[in-house]
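Hi there,

Here is the structure I promised to pass on to you.

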Amino acid sequence: MNLKHRLDEHEVFLRVARVSERLGLETYVVGGYVRDLILGRPSKDIDFTCVGSGIELAQQVASTYEEHVPLSVFKNFGTAMLKLQDWELEFVGARKESYRLESRKPIVEDGTLLEDLERRDFTINAMAISLNPSNYGELIDPFDGLGDMKRKLIKTPLEPGITFSDDPLRMLRAVRFAAQLNFDIEADTFFALSENASRLQIISGERIIDELNKVILTSKPSYGFKLLFASRLLHEFFPELVELQGVDSVDDKSHKDNFYHTLQVLDNVCQFSADLWLRWAAILHDIAKPATKRFNPKVGWTFHGHEDKGARMTPGIFRRLKLPMDDRMKYVQKLVKLHLRPIALVKDEVTDSALRRLLFDAGDDIDDLMKLCRADITSKNNKKVQKYLDNFDKVEKKLLEVEEKDQVRNFQPPISGEEIMETFGISPSKIIGDIKEEIKEAILEGRIQNNPEEARNLMMKIALEKGLSPQSKS
Ligand code: ATP
Ligand code: MG
């Protein structure tokens, strides 16, 4: 197969080829860029491998530009990176790797193109395009990556057990590529995943979560999660999710399988949003169901308080998985905690104060919460699904009406602490917080309107009860 016409789409390939020829090197485009070029997925990272010094090649390529192009050299790794607008070009000398059992660190030596390709993770990632004069544009595909693309298969170039044991991260990459490309994992490769799953323990949490997040960002993440579950890779780093799997029955009463339910909710939410953190909220929304599961002979299975317990579990899970412990965690925690609240508002006789409380608690995340709730409907009965969705439409309408009237979504106290202190001539103390809290409660309960006048009247009343009297103004 010759891909010369595809290389003509960017001037950089001919430029690198000329420099390479001048230096007497053999140079190839390799790895992900080749794969994505053939699959028609746009990609801005290009990896060049030459037989010789990648750093020198990069330096010489950089010097052919009239304008300055940023070049970073990583001597220890023998690599160099060039930035061309939004393109990133990486240059490296071909290498071979060998691993010893007692050490995870590979011994890296200069190698041939073939040796370089065979140390790569999958056949579809182990293809190269020649930039050399004799066969410019020719695809070099020693492991039939092209065939595996046609067959839609993730397969290791060498014996999979060795490939995975050398670098266990490749196991997660196998699932991630399968999920991103909607490929199957070839049978022997999959078998080696299950055989080597426990080796994942030597991989850092940061690298694991990078791959997992890529799975979560695919258009149908349930597929990737099912592969992780079936290979038992998931058991190694996310036991809480595994715990959700399974159905218990007592007296003919059984509950739904919360693992598959969660995956369905996750897929559903992906139709409404590309946001990673909303997707994480879907993953964790029922995470405390196993811990709160009870059987009551009268009502069957219950999971009382799973939303609160799930919210309490969220920071620990984030910390362990090396997810960010900042506002993003708080956002996920909030959605987990609130995910049952809109359902409670479906009833016709729902009070405005209940609506105001939800708006107050959810704040600007109310729209995302409603997306999560809609995604949480996983009935197989389409009529039921439609009925529940209609109900949520009604809830959203009521929320809008109340918000328009009362503006509690971004609640700002109508009376400031300063005003309270000034009015009663007192210094900062707990009583000020108490008064503000009572005013907020009164607004949410609907006893007063959300405006400074009514709030001020109430403030006077509360203060009197507490034995405060206003300062006379001199
Ligand atoms: P993406 O950029 O979408 O993550 P990619 O395949 O380009 O996909 P990179 O991490 O950029 O992935 O790696 C570039 C290439 O380096 C891969 O295509 C593969 O040939 C090789 N590679 C990367 N990581 C590994 C690994 N852990 N083991 C073996 N080969 C790897
Ligand atoms: Mg890449």
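A word on names to begin with: helices (H or I, at least four residues) and strands (E, at least two) are DSSP runs, numbered from the N terminus. E211, for example, is found in helix α10, which spans residues 205-216. Before you go further, note that this is a predicted model, where local features need pLDDT of at least 70, side-chain atom pairs count only at pLDDT 80 or more, and totals for chains, interfaces and linings use all residues. Residues are numbered from 1 along each chain as its sequence is written, chains are lettered from A and ligands numbered from 1 in the order in which they are written, and side-chain values use heavy atoms, with hydrogens and water left out.

**Helix α10**

Is E211 buried or exposed? "Buried" means under 20% relative accessible area, "exposed" over 50%, and "partly exposed" in between (1.4 Å probe, protein chains only). With a relative accessible area of 6%, E211 is buried. Contact here means heavy atoms within 4.5 Å. Not counting residues up to four places away in sequence, E211 touches L169, L172, R173 and R176.

If you leave aside neighbours within four places in sequence, N213 is in contact with L276, W280 and L323.

**The cores**

W280 turns up again in the core. A nonpolar core is a set of buried Ala, Val, Leu, Ile, Met, Phe, Trp, Tyr and Cys residues joined through side-chain atoms within 4.5 Å. In soluble globular proteins, nonpolar side chains tend to be buried together. The largest core here has 133 residues, and F225, F238 and W280 have the most contacts inside it. Which helix gives the largest share of this core? That is α8 (residues 169-181), with nine residues.

Take F238 as a case to click on: apart from neighbours within four places in sequence, F238 is in contact with L212, W280, I283, L284, I287, I317, R320 and L321. There is also a second, separate core of seven residues, and Y28, V30, L113 and F143 are among them.

**The sheet**

Two strands pair if DSSP finds at least two bridges between them. Seven strands form an open sheet in the order β3-β4-β5-β2-β1-β8-β9, with mixed pairing. At the edges are β3 (71-74) and β9 (139-140), each of which pairs on one side only.

What does β1 pair with? Five bridges join β1 to β2, and the two run antiparallel; T27 has C50 in β2 as its bridge partner. Three bridges join β1 to β8, again antiparallel, and Y28 stands opposite S130 in β8. Four of the five residues of β1 are buried, so this strand is largely enclosed by the rest of the structure.

For a parallel pair, look at β2 (residues 45-51) and β5 (residues 87-93), which share six bridges. One of the pairings is I46 with L89 in β5.

The axes of α20 (residues 352-362) and α22 (residues 382-406) come within 10 Å and cross at roughly 85°. The two are therefore roughly perpendicular to each other (angles under 35 degrees count as roughly parallel, over 145 as roughly antiparallel, 65 to 115 as roughly perpendicular and the rest as oblique). On the α20 side the contact is made by D352, L355, R356, L358 and L359, and on the α22 side by K398, L399, V402, E403, K405 and D406.

L355 counts as buried at 2% relative accessibility. L355 touches L345, K398, L399 and V402, not counting residues up to four places away in sequence.

**Helix α23**

In α23 (residues 417-424), the buried residues are G417, I420, M421, T423 and F424. Seen down the helix axis, they fall within an arc of 165° (taken from the directions from the axis to the C-beta atoms), so they line one face of α23. The face turned away from that buried side carries the exposed residues E418 and E422. What covers the buried residues of α23 includes α24 (430-445) and α25 (452-465). Just after α23, G425 takes a positive phi of about 60°.

Happy exploring!

How values were computed
Axes are lines fitted to C-alpha atoms, for helices over the stretch in contact, and angles run from 0 to 180 degrees between N-to-C directions.
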